[in-house]
Amino acid sequence: MPAKALPSALEAAASILRGDERALARLITGLEDGDPAAAGTLRALRGGSAAVGQLTAQVVGVTGPPGSGKSTLVDKLISAYRAKGLRVGVLAVDPSSPFSGGAILGDRIRMQRAEAGPGGGLDPGVFIRSLASRGRLGGLSRATAQSARALEAAGYGVVIVETVGIGQSEIDIARLADTVVLVSMPGSGDDIQVIKAGVMEIGDVFVVNKADREGSDRVVREIRAMLETGATLRQDLALRQGGAAELQPVLKTVAETGEGLPELVLALDARWAKLNASGELASRRARGAAAEARSLLAERALAELALLEPGLEEGLAMEIVRGEREVAEAAEILFSAIRK
Amino acid sequence: MDRKIRVLVAKPGLDGHDRGAKVVARAMRDAGMEVIYTGLRQTPEQIVQAAVQEDVDVLAMSILSGAHNHLFPRVMELLADKGASDVLVVGGGVIPEDDIPFLESKGIAAVFGPGTPTSATIEFIKANVKRR
Amino acid sequence: MGDTDKLRASVEAWRAGVDKSLAKHPERKASFETGSDAPVERLYTPLDLEGEGYAEAIGLPGEFPYTRGVQATMYRGRLWTMRQYAGFGTAEESNERYKYLLAQGQTGLSIAFDLPTQIGYDSDHPLSAGEVGKVGVAVDSLVDMEVLFAGIPLDKVSTSMTINAPAAVLLAMYVAVAEKQGVSPSALEGTIQNDILKEYIARGTYIFPPAPSMRLITDVFAYCARSVPNWNTISISGYHIREAGSTASQEVAFTLADGIAYVDAAVKAGLDVDDFAPRLSFFFNAHNDLFEEAAKFRAARRMWAHIMRERFGAVNPKSWMLRFHTQTAGSTLTAQQPDNNVVRVTLQALAAALGGTQSLHTNSRDEALALPTEASVRIALRTQQIIAYESGVAETPDPLAGSYYVESLTDRVEKEALAYLARIDELGGAVRAIEEGYVQREIQDAAYAYQKKIESGERVVVGLNKFQVPEGRPTGLLKVDPSVGERQAAALRALRLRRDGARVAAALRGVDAAARGDANMMPPILEAVRAYATLGEICDAMRAVFGEYRPGSTF
């Protein structure tokens, strides 16, 4: 049963569709804060956009280790998409401090549109928002996926989500992005560390940035080798029959100078065309949405747990410690308590 | 709801002295705020665009070049144009006492001079931020 | 039992005795630290001076490794150059201030430029609005430079110019003014700061990305080696690194790392190390911790001598010598009870003299509030004159040598700085370490730690977090006339009408062509300056080819 939009939600959605940046920014804040009114606005906004067939933004996730030049790469992607006439939305996610809950968000520095010229003349076609990961250590903020949808519905033709590749966030980014760009760079010595094993499978396009540095060809070779190994391990018959051509593209870039950027944009365009033509886009997004709903459900359950009679959880824990109960039993008791 | 105070720390003007801005940014983070840092040489237009897109509660500007009387009022004007006058705006850096009444008349809520403890700035923000 | 063993035994006995009495007579604090947060022991003795012998580690004044100073007789021969950094408003106003300072007994000029000049924008550029003439003098073209030095014979003064990204252009203007005065470039003495790496690290007045910036710097090295032989082609600066919050050891480490990067670049560009290294100069900060600061200067000299001789194979002793200018620490000045700053500056200036500086700027008491007034500048100059003529520290070279404490501090600064240099080498050198934000992060960590100690009261700053008094608002501060910008803009309009437009255009094409190729940039820049092309026009020509530097986040 879809929630009915409140008049205020319709009004906010209309403002956003008129190009009111402040209303859009407010919506994202509301989504970050878990404000129910924001959920209503997003519903109204997406409803309006879906009606006019506007939910067609490619959501590109850009992730990689610190220092790999992601922000500069995103900056250059912004320019490239602007040159094609697309409006660009950017969500730059950085971790919150586990100690204070605060954060310093500095990715914007590299993405400011210096080309717009001195003394003003800002580009209204670019919306950049910095998000802190908040409670979810090393992961994406709860609101990131919803914010990406908000930008799409607001008419940004490309939405780029930049995250630092540590821990949970790679899994999150694969869930919310249509295309994941995994960025690495030639390191000092232990090059293979640039991409952790287990993360390879989420990459749709691989970029070796700072490719003017020594060792970039080696990183490219290593990534290709890992992709081929992964394909073989999966016993991917289609791939073995089709040869190596079906492997994900591995591209070299020098974001600082723009070298390799046209090739990257071409690869992203090809991927986007394929996603749309094959119908994979809808199924991928559905998978992502289901996973997102499941994690919201888990969060919700944990929140319920917090509202239960005080001491229940601690009491059970002590019983486990004393050998009076097993963990599985305790979980069962908590589950029944929530269901009540 | 998990409401965080969001602050834009901005360096208008051409001076490159960002020690103070960076120290304050770190102190704000350690006080649980989310701080967006703009980097050097930001025009009033860039600052206001960032403040709007980032939907900050607070705009903290640091300037040591002496151009505050020109740049701060311009920022306030542009904020008003965008309907964002509810952002709490504070200033810091080398700003002569004589200039403070003028800046306050333009809507700068407070000016924190050299030697101000970061805790004083943070307390001021917590007490004066206009919660929505 | 040898002498050392006897000493060790008696020191141990002394420590045991003190430990016993501590219960009754405790020390003021559980631990003691230097101004840079290094631990300070209860006692220093000859036992702390282990390792190399006197000759290798300390040596004699004027001899390798120059720990005790670069000249044999130091200030007995000639006092340090007293050089107050000054400039504001228009060229006319600054010219008056320079003449005043020279009349007061100052022995060299130090030019402060406004921010638009330092970033290569003309006074009528949109980004210059509100900035013209504020932190220094506005120079848009050779016209302003002619006025700035009117009545000051350039073969009689040495001039230091705090200019970095567009240093080549301002040097060209200085040479062109000299030509007009009938002074040969070979007779010119002075310094351009020309140190772009610390702009990326700490000071922020960069224009171009690192690679073309390094090329401009090595072009200046090569040009001056041929045409302006007595000019200091660079002032490799730790001053701003320290102002940004570094420790003393970091100041030495990051400055010398930058120095190594410049020498590397020049050698790669085909210059012979001994052709340019004697003209390299340095610029350090002086903080309040008298002994640690004096030790810092001694350590820096010793390290550079080894670096130049062993790492770069320089054979000319002048290449081994680290000569430096010092400025007292602006960041230590308080806006509260500003007269106290005179005392801080005295301690800092004393550290610089004890550390063997070649020239010195003493800050004025009111600089935490505004640009200094004439009265404040005079006190600042008098401060170093009193140290030079009344304190007695100038009467023998390196008077602190042999102090167990100071020698062990010198060793410690050197050891810590060497560890940083090793780390920076691992990262691929100073340019790479800066691009990765490593250097900036190390400095920011130190700055934040320092601030937290002040706020907790662990570190006392008199008048700021202890011994405060209620204060009224300070009066009589210097104000720069806000109409400077309009006057400069009007002068620019007039200049653009009266100059030979075709000659300007041709000269700027010359700059463009040189920037695209690999010929030395100085001759075409000099030609453009002579044609009265403006600073902004020349820098724009280079921006079009070189691009602009865009920093990232370094948190």
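**Cores, salt bridges and a surface patch**

The largest nonpolar core holds 178 residues, and those with the most contacts inside it are C:Met145, C:Trp304, C:Ile525 and C:Met542. The largest share of this core, 12 residues, is supplied by helix H6 (residues 167-181) of chain C. The model described here is predicted.

**Nonpolar cores**
- Leaving aside residues up to four places away in sequence, C:Met542 touches C:Val169, C:Phe208, C:Leu216, C:Val511, C:Met521, C:Ile525 and C:Gly547.

**Salt bridges**
- Over all chains, the structure holds 73 salt bridges.
- In one of them the side chains of B:Glu54 and B:Arg6 meet at 2.9 Å, N to O; B:Glu54 lies in the loop between helix H2 (44-53) and strand E3 (58-63) of chain B and B:Arg6 in strand E1 (residues 6-10), so the pair ties together parts that are 48 residues apart in sequence.
- Both B:Glu54 and B:Arg6 are buried.
- The side chains of C:Asp398 and C:Arg298, both of them buried, meet in a salt bridge of 3.0 Å, N to O.
- This pair links distant parts of the chain, 100 residues apart, with C:Asp398 in the loop between helix H15 (374-390) and helix H16 (404-427) of chain C and C:Arg298 in helix H12 (residues 290-311) of chain C.

**Surface patch**
- C:Val460, C:Val462 and C:Phe467 make a nonpolar surface patch of about 270 Å².
- C:Phe467 is placed in the loop between helix H18 (438-456) and helix H19 (484-498) of chain C, and with a relative accessible area of 53% C:Phe467 is exposed.

Conventions
Residues are numbered from 1 along each chain as its sequence is written. Chains are lettered from A and ligands numbered from 1 in the order in which they are written. This is a predicted model: local features need pLDDT of at least 70, side-chain atom pairs count only at pLDDT 80 or more; totals for chains, interfaces and linings use all residues. Side-chain values use heavy atoms; hydrogens and water are left out. Patches are made of residues with over 30% relative accessible area and no salt bridge: like charges are joined within 9 Å, nonpolar side chains (Val, Leu, Ile, Met, Phe, Trp, Tyr) within 5 Å. Accessible areas come from the Shrake-Rupley method with a 1.4 Å probe; for residues, only the protein chains shown count as cover. A salt bridge is a side-chain nitrogen of Lys or Arg within 4 Å of a carboxyl oxygen of Asp or Glu. Helices (H or I, at least four residues) and strands (E, at least two) are DSSP runs, numbered from the N terminus. Buried means under 20% relative accessible area, exposed over 50%, partly exposed in between (1.4 Å probe, protein chains only). A nonpolar core is a set of buried Ala, Val, Leu, Ile, Met, Phe, Trp, Tyr and Cys residues joined through side-chain atoms within 4.5 Å. Contact means heavy atoms within 4.5 Å.
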